[in-house]
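Colleague: I have some labels to check against their cut-offs. Please show me the model and then take them one by one.

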Amino acid sequence: SYQRIAGYEILSEPRTRETAPEHVSALMRDGCDAVHAHDPRALCVVGPAPYYKVFNFDERILLDRENVLYTFDFFVPWA
């Protein structure tokens with residue numbers, strides 16, 4: 001592990017509406033695997049497409065991996 005790196009965000013707010021959530025999840029999973037191959041204790045930060053919107057957060061984004069931090073956006077004006 002690197003002392004000053006808390007985690008790696010695989011893809012910040014994926015901006016695709018046409019890509020199936022399963023493909024986005026696979027990309028996130030593969031990215032986390034690559035990160036953990038070099039830094040196993042680091043957090044891997046992932047979230048749903050598009051744009052990490054909370055209403056797209058479901059079991060499809062959940063990864064069967066350790067050290068994963070899930071993130072989402074929730075803005076009150078659009079709630």
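Colleague: Which residues form one aromatic cluster?

Modeller: In this predicted model, the cluster is made up of F57, Y70 and F72. The count of aromatic pairs comes to two.

Colleague: Why is the pair of F57 and Y70 called edge-to-face?

Modeller: The ring centres of F57 and Y70 are 6.0 Å apart, and centres within 6.5 Å make a pair. Their planes stand at 85°, and an angle over 60 degrees counts as edge-to-face. The pair of F57 and Y70 is therefore edge-to-face.

Colleague: What makes this a pair that ties together parts of the chain?

Modeller: F57 is in the loop between β2 and β3, whereas Y70 is in strand β3. The parts tied together are 13 residues apart in sequence.

Colleague: What makes F57 and F72 an aromatic pair, and of which kind?

Modeller: Their centres are 6.0 Å apart, and the limit for a pair is 6.5 Å. The angle between the planes is 70°, and over 60 degrees is edge-to-face, so F57 and F72 form an edge-to-face pair. This pair too links distant parts of the chain, with F57 in the loop between β2 and β3 and F72 in the segment after β3, 15 residues apart.

Colleague: Why is L63 called buried?

Modeller: L63 has a relative accessible area of 10%. Buried means under 20%, so L63 is buried. L63 is placed in the loop between β2 (43–46) and β3 (68–70).

Colleague: Which residues is L63 in contact with, leaving aside neighbours within four places in sequence?

Modeller: L63 is in contact with S25, M28, R29, C32, V46, V68 and Y70. A contact here is a heavy-atom distance within 4.5 Å. As for A37, its C-alpha is 16 Å from that of L63, at 26 residues apart in sequence.

Colleague: What makes E22 partly exposed?

Modeller: E22 has 46% relative accessibility. Exposed needs over 50% and buried under 20%, so E22 counts as partly exposed. E22 sits in helix α1 (residues 21–38).

Definitions and conventions:
Residues are numbered from 1 along each chain as its sequence is written. This is a predicted model: local features need pLDDT of at least 70, side-chain atom pairs count only at pLDDT 80 or more; totals for chains, interfaces and linings use all residues. Side-chain values use heavy atoms; hydrogens and water are left out. Helices (H or I, at least four residues) and strands (E, at least two) are DSSP runs, numbered from the N terminus. Buried means under 20% relative accessible area, exposed over 50%, partly exposed in between (1.4 Å probe, protein chains only). Rings of Phe, Tyr and Trp (its six-membered ring) pair if their centres lie within 6.5 Å; planes under 30 degrees apart count as stacked, over 60 as edge-to-face and the rest as tilted.
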